[in-house]
Amino acid sequence: MEDLSQKLRQYIKIGTPAERRIAKYFSEHLNELPFETASSVADRLELSPMTVGRFLRSLGYHGLDGIKVHLKENAPSLTSQLPNILEQLQKDASEGRPLATQIAEQVEMLQHIYNLAGQPQWHDAVATILSSGNVFITSHPSLAGIGRYFRDRLTFARDQVLFLDGANGSYIELFGEPSEDGLLVVIDSPGFVTSRLLARSARRAGCKVLLVTGQFTEWAHEFANITLSLPPQRANSRENLSAIMALLEYLAISVAHAAGETAEMRTRRIEELQGIFAQAPLR
C-alpha cells in the first residue's frame, strides 16, 4: 500500500497534467476505487478511458481491476484500525453527529454482549440449549420474526426446536404433556405481558426457562433458571431490537460452536436437503 501511495505522490509532483489529476484523484479516493471503472474515473476527470488506462499501466497494473486486487490484498486489518476508528467515532458523537451517536451506542451494546458471553450464565444457556430434549422459543408477536430466525439458527446445531407464536391461545405444544427435559426460551420485551405467566407456568410444568430480558426484570430470579440481560435501553428507543438480535445471533453462534462436529454435519445435511427440495419441480 505504501509503494502505491508513494508512486501516486511522485506523479502528483512530476507527472503530466493528466497524470497529476488522475494521481490526485486516486490518492484522495482509494477507498472508493473498488466501486469505480476506468470509464467512470475518466468521466469524473473529463479524460479519455485510454488516458486512465495508460496511467494504470505506468503504475504497473493491467487496468483498474489490478489496482483493486492490490488494495484488497494490502488492506490494513480492522484490528489495527480499531483504536483510530473508535477515537474518531467518539469525537464525531461528542460533536452531536446523529449517525456517530447511534453507532457509538451500538459499539457499547456489543461490548455488553461480549462481556456477557464470558459469564457463567452464558455458558449455562449454551449447555442447556444443547442438552434439553425439546427447545421451545416464544416472544411478543412483534418479535416473532426474530424468534423464528433464532429457531432457524438453532436447528443448525440440534433437532426439536419449535417457535411458539401463541396463535392458538393455549401454547398446547408446550403444555400438552409434561416435559421434564424441555427448555422454554422467552424473548422478553416491555409489551410482552404474557412472558411472566409463561415462565411461571413452564417452571411448574417441569421445563427450564431461559429468559432474555432487560436488566431490571424483577421476576426473573423467581421464574427463570437462566437470565441473559440485555444492555440498558436508551431513553429515546421504544424497543431494544438491535440488542435482542445481536444477543440471539451470538448465542446461536456459541451453541453451534459448542456442538462442534454435530453442527458441522447438520449444516452439510441441511444444505444438501435445500439443494434437493429447492430444485424439485412442482407436479
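Predicted model: local features only at pLDDT ≥ 70, side-chain atom pairs only at ≥ 80, totals over all residues.
Strands β1 (residues 134-139) and β2 (161-164) run parallel and are joined by 4 bridges; two strands are taken to pair if DSSP finds at least two bridges between them.

Residues are numbered from 1 along each chain as its sequence is written, and side-chain values use heavy atoms, with hydrogens and water left out.

Now look at β3. Strand β1 also runs parallel to β3, and 6 bridges join the two. Here Ile-137 has Val-185 of β3 as its bridge partner. With strand β4 (residues 208-213), β3 forms another parallel pairing, this time through 5 bridges, and Leu-184 stands opposite Val-209 in β4.

How well covered is β3 (residues 182-187)? It is mostly covered, since 6 of its 6 residues are buried, where buried means under 20% relative accessible area, exposed means over 50%, and partly exposed lies in between (1.4 Å probe, protein chains only). In a regular strand the side chains alternate between the two faces of the sheet. In β3, Gly-182, Leu-184 and Val-186 point one way, Leu-183, Val-185 and Ile-187 point the other way, and all are buried.

A nonpolar core is a set of buried Ala, Val, Leu, Ile, Met, Phe, Trp, Tyr and Cys residues joined through side-chain atoms within 4.5 Å. The largest one has 35 residues, and those with the most contacts inside it are Ile-137, Phe-150, Leu-154, Leu-210, Leu-247 and Leu-251. Helix α13 (residues 241-259) gives the most to this core, with 9 residues. Take Leu-247 as an example: leaving aside neighbours within four places in sequence, Leu-247 is in contact (heavy atoms within 4.5 Å) with Ile-113, Leu-116, Trp-122, Val-212, Leu-228, Ser-229 and Leu-230. There is also a second, separate core of 21 residues, which includes Phe-26, Val-41, Phe-55 and Leu-64.

The protein chain is divided into domain 1 (4-74) and domain 2 (92-279), with bounds that come from an automatic or database domain assignment. Taken over C-alpha atoms, the centres of domain 1 and domain 2 are separated by 49 Å.

Next come the charged side chains. Side chains of opposite charge can pair when their charged atoms come close. The structure holds 12 salt bridges, each being a side-chain nitrogen of Lys or Arg within 4 Å of a carboxyl oxygen of Asp or Glu. Lys-91, Asp-92, Glu-95 and Arg-97 are linked in a network of them. The closest N and O atoms are 2.8 Å apart for Glu-95 with Lys-91, 3.7 Å apart for Arg-97 with Glu-95, and 3.6 Å apart for Asp-92 with Arg-97. Asp-92 is buried at 13% relative accessibility, whereas Arg-97 is partly exposed at 45%. Glu-95 is partly exposed, with a relative accessible area of 45%, and Lys-91 is partly exposed with 43%.

Glu-46 has a phi near 55 degrees, a positive value in a residue other than glycine, and is found in the loop between α3 (38-45) and α4 (49-59). Tyr-171 also has a phi near 55 degrees, positive although the residue is not glycine, and is found in the loop between β2 and α10 (172-175). Tyr-171, in turn, is buried, with a relative accessible area of 12%.
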